[in-house]
Amino acid sequence: MTRPLDIVLLGPPGAGKGTQARLLVERRGMVQLSTGDMLRAARASGSALGQRVAAVMDAGQLVTDEIVIALIDEALDGPAGQRGAIFDGFPRTLAQAEALESLLLRKGRALAAAIELKVDDEALLRRIAGRAEQARAAGETVRPDDTPEVFERRLREYYKNTAPLLGYYYAKGLLRSVDGMAPVAQVAAAIEAVLAESEGRAGL
Ligand code: AMP
């Protein structure tokens, strides 16, 4: 049996991590572990955790490391354990990256790669503003943290807390960068090439 690959997708909000994670789920049967989705589900369920994180999320700030690490710890005992995990929106701080490493180690696993989706921030801001405007025009509700104002705050959070992870993974020889501005299928192909390389290296 082949060993499942565990990978991290890195990049600012709106870079397309969720889209690429979903494609990997379809293509390879891997499991997407998005802390953003988990937190939104907690909010939708009205749980105590959901209520605790609501205001922080709507403001575009980061919830505590402790909360998201606990969510990932629990999720790793599910199907992600057998099929390989795509960490999407996690880790977002160095403390989370270190916690992830020890969680995986404890389960006899290790990251195969951290894949950065490189994007142009100005283009992202235009994309988000357009998306919010379109949704409003169609009478749909806009995600409270997807307005241009909050989006800018999320972008700043990314540069302050998450961008240092690029150096962290580079130093470990795990960082691979792909052009996130390319069409979706092209980005997916570039990610596939990284995974094939990781499998080759691991002799899978
Ligand atoms: P996302 O959908 O990944 O952009 O996440 C939406 C929001 O959930 C973020 O703006 C944060 O408030 C929170 N969040 C998601 N993942 C994390 C994380 N790994 N660490 C801290 N906060 C997170």
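A residue is called buried when its relative accessible area is under 20%, exposed when over 50%, and partly exposed in between, with a 1.4 Å probe and protein chains only. Helices (H or I, at least four residues) and strands (E, at least two) are DSSP runs numbered from the N terminus. This is a predicted model, in which local features need pLDDT of at least 70 and side-chain atom pairs count only at pLDDT 80 or more, while totals for chains, interfaces and linings use all residues. Residues are numbered from 1 along each chain as its sequence is written, and side-chain values use heavy atoms, with hydrogens and water left out.

In helix α4 (residues 65-75), the buried residues are Ile 67, Val 68, Ile 69, Leu 71, Ile 72 and Ala 75. They are in contact (heavy atoms within 4.5 Å) with the elements tabulated here.

| Element packed against α4 | Residues |
|---|---|
| α3 | 48-58 |
| α5 | 80-83 |
| α6 | 94-106 |

The open sheet has five strands in the order β2-β3-β1-β4-β5, with parallel pairing, where two strands pair if DSSP finds at least two bridges between them. Its edge strands, each pairing on one side only, are β2 (31-34) and β5 (175-179).

A nonpolar core is a set of buried Ala, Val, Leu, Ile, Met, Phe, Trp, Tyr and Cys residues joined through side-chain atoms within 4.5 Å. The largest has 34 residues, of which Leu 33, Phe 87, Leu 100 and Tyr 169 touch the most other members. Helix α4 gives the most to this core, with six residues.
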